[in-house]
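Please read them with the coordinates open.

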Amino acid sequence: MKITILTLFPEMFSALDASILGRAQREGKLTLEIVNLRDYTEDKHLKCDDYPFGGGAGMVMMAQPVGSAVEALDPDHKARRIYLSPKGKTFKQERVFSLAEEEHLLLLCGHYEGVDQRAIDLFFDEELSIGDYVLTGGELPAMVVVDCVARYLDGVLSPESLVQESFSENLLEYPQYTRPVEYRGLRVPEVLRSGNHAAIDAWRREQAVAITKKNRPDLLS
Ligand code: 9WO
């Protein structure tokens, strides 16, 4: 999959070169194209933002650099074009699965007070929010989308890692333990060392239901 990201702060995306996403890129399973919107401005001082019509604090990202970048990077509109914004529809796991089927995603990261609405209306397919909070920009949400989607690309994770997962069956995850058997007086639950896999599965299920009841009762329909 190819993911094009439009941003005024391309340096933030070095975080995606670490760990599993770094390996996915080196193995050619994921291609990230991080694009500085400043490279597409037609302003002689390379300006990409301006004062808001109607007044108010802060600056608004101009439509022209966004439009020119989108037209240059996705001329035939083959990409799914997504604007990350707190006003968008909530990004949930089911959308992760459908986005993982796409050939090309194009993500726009807003900054400052937002992006000229005409750029969104003219060039974007949808608006997605990763949750109900306001950030300084859409860069961290774009990285969240990349991370979620990349896990489901062929060969990025082992199939076993993907089976028993939170939300796939509407339960939160059971607790995990590793060595040592005792840490600061707390012992690993005996059942996990019993070798009885039916008992282990039953215990994990019980734990998952309990933590879901406590923290996310809304998930238990
Ligand atoms: C600021 C603001 C202040 C008061 C009331 C509403 C408000 N909305 C915003 C706002 O949208 N600021 C944005 C900062 C402009 C576009 C980029 N920014 C952003 C994106 N902040 N948070 C996101 C975001 C994106 C996706 N999912 C969650 C948050």
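Throughout, buried means under 20% relative accessible area, exposed means over 50%, and partly exposed covers what falls in between (1.4 Å probe, protein chains only). The model is a predicted one, in which local features need pLDDT of at least 70 and side-chain atom pairs count only at pLDDT 80 or more, while totals for chains, interfaces and linings use all residues. Residues are numbered from 1 along each chain as its sequence is written, and side-chain values use heavy atoms, with hydrogens and water left out.

1. Arginine 205 and glutamate 169. These two side chains form a salt bridge with an N to O distance of 3.3 Å; the term stands for a side-chain nitrogen of Lys or Arg within 4 Å of a carboxyl oxygen of Asp or Glu. Arginine 205 belongs to helix H7 and glutamate 169 to the loop between helix H6 (159-163) and strand E8 (182-183), so the pair ties together parts that are 36 residues apart in sequence. Helices (H or I, at least four residues) and strands (E, at least two) are DSSP runs, numbered from the N terminus. Arginine 205 is partly exposed because its relative accessible area is 46%, and glutamate 169 is partly exposed at 42%.

2. Other salt bridges. The whole structure holds 12 salt bridges. One of them joins arginine 216 to aspartate 218 at 2.9 Å, N to O. Arginine 216 has 30% relative accessibility and is therefore partly exposed, whereas aspartate 218, with 54%, is exposed. Shared partners also link Glu182, Arg187, Glu190 and Arg193 into one salt-bridge network.

3. A buried charged pair. Arginine 81 sits in strand E5 (residues 80-90). The side chain of arginine 81 meets that of aspartate 74 in a salt bridge of 2.7 Å, N to O. Is arginine 81 buried or exposed? Arginine 81 counts as buried because its relative accessibility is 6%. Aspartate 74 is likewise buried, with a relative accessible area of 4%.

4. The ligand site. Around the ligand there are 19 residues, and those that come nearest are Ser85, Gly110, Ser129, Ile130 and Leu135; a residue is near a molecule if one of its heavy atoms lies within 4 Å of it. A ligand nitrogen atom lies 2.9 Å from a polar backbone atom of isoleucine 130. For leucine 135, the distance from a polar backbone atom to a nitrogen atom of the ligand is 3.0 Å. The protein buries 71% of the 600 Å² that the ligand exposes when taken alone. Areas are Shrake-Rupley values with a 1.4 Å probe, and for residues only the protein chains shown count as cover.

5. Tyrosine 133 is placed in the loop between strand E7 (126-129) and helix H5 (139-150), and is partly exposed at 44% relative accessibility.

6. Cysteines. How many disulfides does the rule find? The count is zero, where a disulfide is a pair of cysteine sulfur atoms within 2.5 Å. The closest cysteine sulfur to that of cysteine 109 is in cysteine 48, at 14 Å, which is too far for a bond. For cysteine 148 the closest is in cysteine 109, at 15 Å, again too far for a bond. Cysteine 109 is buried at 0% relative accessibility, whereas cysteine 148 is partly exposed at 22%.

7. Backbone geometry. Most residues other than glycine have a negative phi, and most peptide bonds are trans. Leucine 46, in the loop between strand E2 (31-36) and strand E3 (49-50), has a positive phi near 65 degrees. Tyrosine 112 also has a positive phi, of about 60 degrees, and is placed in the loop between strand E6 (104-109) and helix H4 (117-123). The peptide bond between arginine 179 and proline 180 is cis, with omega about 5 degrees. Proline 180 is in the loop between H6 and E8.

8. Proline 217. This residue lies in the segment after helix H7 (197-215). Between proline 217 and leucine 171 there are 9.7 Å in space, C-alpha to C-alpha, although they are 46 residues apart in sequence.

Note on methods: A polar contact is a pair of N or O atoms within 3.5 Å; within protein, one must be able to donate a hydrogen and the other to accept it, and residues adjacent in sequence count only if both atoms are side-chain atoms.
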